[in-house]
Amino acid sequence: MSGFSDLRLSLAELEARQLYRHRRVVESPQGREVRLSSGRCLNFCSNDYLGLAADPRIAAAARAAIDRWGVGAGASHLITGHTAAHQALEEALADFTQRPAVLVFGSGYAANLGTINALLSAGDQVFEDRLNHASLIDGGRISRADYHWYRHLDTEHLKRKLSANAGTACRRLIVTDGTFSMDGDRCKLDELIACAHEADAWLMVDDAHGIGVHGPRGCGEVDPGQHGCNDVQVLMGTLGKAFGVAGAFVAGSTDLIETLVHRARNYIYTTAMPAALAAAVLASIEIVINEDWRRAHLHNLIARFRQGAAELGLELMPSATPIQPVLLGAPARALAWSEALEQQGVLALAIRPPTVPRDTSRLRITLTAAHTEQDVDQLLAALDNAAQTVVAA
Ligand SMILES: *Cc1c(COP(=O)(O)O)cnc(C)c1O
């Protein structure tokens, strides 16, 4: 008997605890609606916050770039995979974030692991918000730095951890989500910056869900007009969410970026993203910056949803972002609500442990600029209906 004979058993256990995951097969592009084998559904679970994932202008840019560059990058960036399209994208993102330099990674997961690992090693210290994204937690753990977590958004707790571990000459990195991916609330940026300065630490902000969504020109949680490289030394953003394409970037000083080029294993030992995707993001940046109406419309939908949900007596979280979880508690309850919505043609998926803490299973509803006010009203009606039918069941 091999040590793997318990795979079936642990899967069965997940199933029994209502924690089994089934992947849906989507048969249409992303948008306000998606087509599943069971029919069309209003889509309230994508991270396509500005509604750009299927934008014809971005798709056209990708097609034209495939004609010019082909499909595969063929090699890693340090060999022959780094094309003029990648270079142009890095320069455009440096402009966008008003930082001296930028490095583009194949995914946000790779960017976070690669960056934290490149910066820290045994003897260093990393301080992370307890609800940070898995990739930040994994990066901190894999780096072999001493790992410290602090309570969610609790700057006083962070300060105590920093001073309790002060004194040794080492690198100290504070790491936070900009917008928290499962709760939708935002980091206390000014407090974190002050805290990092005082503790002689660097601050890394993962703005996967904020970039494109907040701020002037969609700059995100970190407004470069207010906070440059001396405040947020490591700024990370993803290109697969509001930008609607794929990949991620890290922005900062030239020394930071050159260090990553030499030390980030997830950058060095991987094939470059296709040049056509870099070109597609270039087209997307223009739209993100210029089409302010997408952000205005999105924020209007967020307010409409919150007001309607409050009137229905639903338990929301303190979120002013497109991520609007409805707290339900037990995994089975979240699943039942999700199924009740799907029967009404509304897709909002249940998020369960280990993605979120025990007893906080929820529907993770996300709004995008592709939705209309009527879509939000239909979502609210479906939630009202679920509240009545599921409780009665
Ligand atoms: C989605 C996400 C990532 C990972 O980005 P990908 O490009 O999807 O790999 C990293 N951090 C946070 C906070 C995220 O939400």
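Q: Ala, Val, Leu, Ile, Met, Phe, Trp, Tyr, Cys and Pro count as nonpolar, Asp, Glu, Lys and Arg as charged, and the others, Gly among them, as polar. How many residues of the shell around the ligand are nonpolar, polar and charged?
A: The model is a predicted one. In it, 14 residues surround the ligand, and the closest are G108, Y109, D206, H209 and K241. Sorted by the classes above, the residues of this shell comprise two nonpolar, nine polar and three charged.

Q: How much of the ligand's accessible area does the protein cover?
A: A polar backbone atom of G108 is 2.7 Å from one oxygen atom of the ligand, and a polar side-chain atom of H209 lies 2.4 Å from an oxygen atom of the ligand. For K241, a polar side-chain atom lies 2.7 Å from a ligand oxygen atom. Of the 380 Å² of accessible area that the ligand has on its own, the protein covers 82%.

Q: Is T176 buried or exposed?
A: T176 belongs to strand β6, residues 172-177. Beyond its neighbours up to four places away in sequence, T176 touches D129, N132, L136, Y150, C187, L192, L203, M204, V205 and D206. Because its relative accessible area is 1% and the limit for this class is under 20%, T176 is buried.

Q: Why is strand β3 described as largely enclosed by the rest of the structure, and how many of its residues are buried?
A: In a regular strand the side chains alternate between the two faces of the sheet. In β3, A101, L103 and F105 lie on one side and V102 and V104 on the other, and both faces are covered. Strand β3 is largely enclosed because the number of its residues that are buried is five of the five.

Q: Which residue of β9 stands opposite A101?
A: Strands of a sheet pair through backbone hydrogen bonds, either parallel or antiparallel. Strands β3 and β9 (residues 248-252) run antiparallel and are joined by five bridges. In this pairing, the residue opposite A101 is G252.

Q: Which residue's backbone nitrogen is reached by the side chain of S28?
A: S28 sits in the loop between α1 (7-16) and β1, and it counts as buried because its relative accessibility is 15%. Leaving aside residues up to four places away in sequence, S28 touches E33, V34 and R35. Its side chain comes to 2.8 Å from the backbone nitrogen of R35.

Q: What distance separates the C-alpha atoms of I289 and P216?
A: I289 is part of helix α10, residues 275-290, and at 15% relative accessibility it counts as buried. Not counting residues up to four places away in sequence, I289 touches F96, R217 and R295. I289 and P216 are 73 residues apart along the chain, and their C-alpha atoms are separated by 8.3 Å.

Note on methods. Residues numbered from 1 in each chain as written. Predicted model: local features only at pLDDT ≥ 70, side-chain atom pairs only at ≥ 80, totals over all residues. Heavy atoms only, no water. Helix = DSSP H or I, 4+ residues; strand = E, 2+ residues; numbered from the N terminus. Buried < 20%, exposed > 50% of the residue type's maximum accessible area, 1.4 Å probe, protein only. Contact = heavy atoms within 4.5 Å. Near = heavy atom within 4 Å. Polar contact = N/O pair within 3.5 Å; in protein donor to acceptor, adjacent residues only side chain to side chain. Areas by Shrake-Rupley, 256 points an atom, 1.4 Å probe, with all protein chains shown as cover. Pairing = 2+ DSSP bridges.
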